[in-house]
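Thanks for coming. I have one structure to go through today, and I will keep it short. Please have a look at it first.

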Amino acid sequence: MGNAKSSAMSKQILEDLKLNTKFSENELSQWYENFQKQCPSGRISPDEFKKIYERFFPDSDAASYAQHVFRSFDTNDDGTLDFKEYIIALHMTSTGKTERKLEWAFSLFDVDKNGYITKSEVAEICQAIFKLIPKDEQENLPADENTPEKRADKLWSFFNKKDNERLAEGEFIQGVLDNEDAIHLIQYEPKK
């Protein structure tokens, strides 16, 4: 009979994903089938993930941002993304509620995964986000956002923290919710 089980998603993972995402069983099955075709090993490596990101940002340097996004999605810290991590990440970044997206954004900025964000971590992620912005768009940015350093300073100022202080997740989420300008500093949406 062979090993038919290996190509099917386990009932436990399916039930868990149905419970924790807005995706239907049919959608999850389709995603799984595509995932298995693209990643026969059942895992995405950091290099494969970087290549996926480069396709979304062909006119930019997406490597460092992809590395940080990958780290934030790799919840079990095994250096790969399995199907469950991939789908939960997809859900949080595309269909999730604003608060959930901001929880994910916090994990992106929490580079050392210690539960807090420092100004240097904000600077590191702002640098990676800035590299996603094509050069012609960078030239049209406001004067206080036209370098990664200025963007990091502006974002940090929304949290009313000194340069050597750290920021907890709740403070980060509230700070972004309270400041409309903060949201575009923590992400880059390509112009269509």
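This is a predicted model: local features need pLDDT of at least 70, side-chain atom pairs count only at pLDDT 80 or more; totals for chains, interfaces and linings use all residues.

Start with the overall picture. The protein is built from eleven helices and four strands. Its C-alpha trace spans about 65 × 35 × 25 Å along the principal axes. There are 192 residues, and 39% of them are buried. If you take contacts between residues at least 6 apart in sequence, 61% of those join residues at least 24 apart.

Now the surface and the charges. On the charge count, I get 26 positive and 36 negative side chains. The centres of those two sets lie 3 Å apart.

How much space lies in the largest pocket? The value is about 1,400 Å³. Its lining is made up of 41 residues, and the closest to the pocket centre are Tyr53, Phe56, Phe57, Leu90 and Thr93. As for the elements involved, at least two lining residues each come from helix 2 (25–38), helix 3 (46–56), helix 4 (63–73), helix 5 (83–94) and helix 6 (98–109). Which helix gives the most to this lining? That is helix 3, with seven residues.

Helix 4 deserves a slide of its own. Besides supplying at least two residues of the pocket lining, helix 4 is mostly covered, with nine of its eleven residues buried. The buried ones are Ser64, Tyr65, Ala66, His68, Val69, Phe70, Arg71, Ser72 and Phe73. Note that Arg71 and His68 are on that list. What covers these buried residues? The cover includes two strands, strand 1 (43–44) and strand 2 (81–82). It also includes helix 3, helix 5, helix 6 and helix 7 (119–132).

Last, a residue from a loop. Ala143 sits between helix 8 (135–138) and helix 9 (148–157). Is Ala143 buried or exposed? Its relative accessibility is 56%, and the cut-off for exposed is over 50%, so Ala143 counts as exposed. His68 of helix 4, by contrast, is buried. Between Ala143 and His68 there are 26 Å in space, C-alpha to C-alpha, and the two are 75 residues apart in sequence.

That is what I have for today.

Technical notes
Residues are numbered from 1 along each chain as its sequence is written. Side-chain values use heavy atoms; hydrogens and water are left out. Buried means under 20% relative accessible area, exposed over 50%, partly exposed in between (1.4 Å probe, protein chains only). Contact means heavy atoms within 4.5 Å. Lys and Arg count as positive and Asp and Glu as negative; His and the chain ends are not counted. The place of a charge is taken as NZ of Lys, CZ of Arg, CG of Asp or CD of Glu. On a 1 Å grid over the protein atoms alone, a cavity is a set of points where a 1.4 Å probe fits but cannot get out, and a pocket is an open set with protein on both sides within 12 Å along at least five of seven lines; lining residues have an atom within 4 Å of a point. Grid points are joined across faces, edges and corners, and a volume is the space filled by probe spheres set on the points.
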